[in-house]
Amino acid sequence: MLRKIMVFTFIAMMVVSGFAFAGSITIVGSSTVLPVAQRAAEVYMQRNNDVDISVRGGGSGTGIATLVDGACDIADASRFIKDKEVKNAVANGIYPVPHRVALDGIAVVVNPANPVKKLSLEEIKGIYTGEITNWKEVGGNNAEIVVISRDSSSGTFAAFGELALDEEKVTPNALLQASNGAVAGVVSENKDAIGYVGLGYLSPSLQAVDVNGVECSLDTVKSGAYAISRALFMFTNGWPTGTTADFINFILSEEGQEIVGEQGYVRLF
């Protein structure tokens with residue numbers, strides 16, 4: 001009888017465990033966090049064949065709005081949730097909980113053919129607010145500056161506006177892009193362009209300028225020496241349970257943080 005009880009208990013535990021970590025997860029939001037979420041999802045699903053994880057971008061604002069609507073399990077965000085978003089969420093019966101998953105620097109980038117290698121925060125602010133319009137004003141060629149920015153649904157847009165522009169408005173002449181990849185693509189193809197991207201999107205086709213004499217790197221972001229740095233988040237509705245909790249814990253594990261580093265971002269530990 002004892003043997004039968006033990007066998008039944010073991011089977012019951014396996015069934016409960018199966019239900020706890022089986023199912024699906026929908027992740028929506030930041031294009032900055034997107035590479036981490038995608039790679040983590042791939043590894044997680046390889047080890048959990050009965051779990052399906054859908055990951056898509058759209059921007060931090062889109063991700064948080066989707067969470068507020070109850071249409072996703074995790075909202076990726078490259079900024080913290082705004083007060084008005086919290087109010088909308090609570091009014092809809094959603095209680096957002098932040099999970100910090102990585103650190104990031106917002107790299108100010110130009111085309112590799114551009115002779116400008118460094119800019120001050122004041123110069124960056126002047127360029128993005130429209131006060132500085134020609135590269136010769138900051139030591140470059142006599143050429144009009146082509147300003148590339150993210151759109152307003154982007155968490156990177158919000159963080160850049162706070163950290164680099166003192167919340168001043170971006171010039172209406174700026175060309176707005178929907179993702180880090182789009183910004184990188186335009187800047188890499190235009191020798192007079194300037195843009196900003198998450199640290200994980202740096203490549204040989206872009207040149208990150210030093211800001212206030214400090215390069216944008218893993219070390220300077222981690223130490224806090226680089227001025228345009230921020231945390232990256234995943235938001236859930238309340239404290240996560242089941243598969244969602246297990247996935248968040250995976251991101252925050254040693255292996256998950258290795259993925260963060262592999263994607264070009266700064267590990268939490």
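Student: What does the secondary structure come to here?

Tutor: The secondary structure of the protein comes to ten helices and eleven strands, where helices (H or I, at least four residues) and strands (E, at least two) are DSSP runs numbered from the N terminus. This is a predicted model, in which local features need pLDDT of at least 70 and side-chain atom pairs count only at pLDDT 80 or more, while totals for chains, interfaces and linings use all residues. Residues are numbered from 1 along each chain as its sequence is written, and side-chain values use heavy atoms, with hydrogens and water left out.

Student: How much of the protein counts as buried?

Tutor: Of its 269 residues, 49% count as buried, a term that means under 20% relative accessible area, with exposed meaning over 50% and partly exposed in between (1.4 Å probe, protein chains only). The accessible surface of the protein is about 12,800 Å², and 54% of that belongs to carbon and sulfur atoms; the areas come from the Shrake-Rupley method with a 1.4 Å probe.

Student: And what box do the C-alpha atoms fill?

Tutor: Taken along the principal axes, the box is roughly 90 × 40 × 30 Å.

Student: Which domains is the protein divided into?

Tutor: Domain 1 takes in 26-43 + 52-103 + 231-263, and domain 2 takes in 104-229, with bounds that come from an automatic or database domain assignment. The centres of domain 1 and domain 2, taken over C-alpha atoms, are 25 Å apart, and 14 residues of domain 1 are in contact with 14 residues of domain 2, contact meaning heavy atoms within 4.5 Å.

Student: Let's go to α10. Which of its residues are buried?

Tutor: In helix α10, which covers residues 254-262, the buried ones are G256, Q257, I259 and V260. They cover an arc of only 150° around the axis, which puts them on the same side of α10; the arc is that of the directions from the helix axis to the C-beta atoms.

Student: Why do residues three or four places apart point the same way in an α-helix?

Tutor: An α-helix has 3.6 residues a turn, so residues at that spacing point the same way.

Student: OK, and what covers the buried residues of α10?

Tutor: The cover includes α2 (34-47), β4 (96-110) and α9 (242-251). Just after α10 comes G264, which takes a positive phi of about 95°.

Student: Switching to α5: how many of its residues are buried?

Tutor: Helix α5 (residues 121-129) is mostly covered, with seven of its nine residues buried, namely L121, I124, K125, G126, I127, Y128 and T129. These residues pack against β4, β5 (118-119), β6 (146-150), α6, β8 (193-198) and β10 (210-211). After α5 comes G130, whose phi is positive, near 95°.

Student: And I132, where is that found?

Tutor: I132 is in the loop between α5 and β6, and at 16% relative accessibility I132 counts as buried. Not counting residues up to four places away in sequence, I132 touches E123, G126, I127, E137, V138 and I145.

Student: β8 came up too. What does G195 touch?

Tutor: G195, which lies in strand β8, is buried with a relative accessible area of 0%. Leaving out residues up to four places away in sequence, G195 touches A107, V108, V109, Y128, I148, V183 and V187. The C-alpha atoms of G195 and V183, which are twelve residues apart along the chain, are separated by 6.3 Å.

Student: Which phi does D166 have?

Tutor: D166, in the loop between α6 and β7, has a positive phi of about 55° although D166 is not a glycine. E167 lies in the loop between α6 and β7 as well, is likewise not a glycine, and has a positive phi of about 70°; at 57% relative accessibility, E167 counts as exposed.
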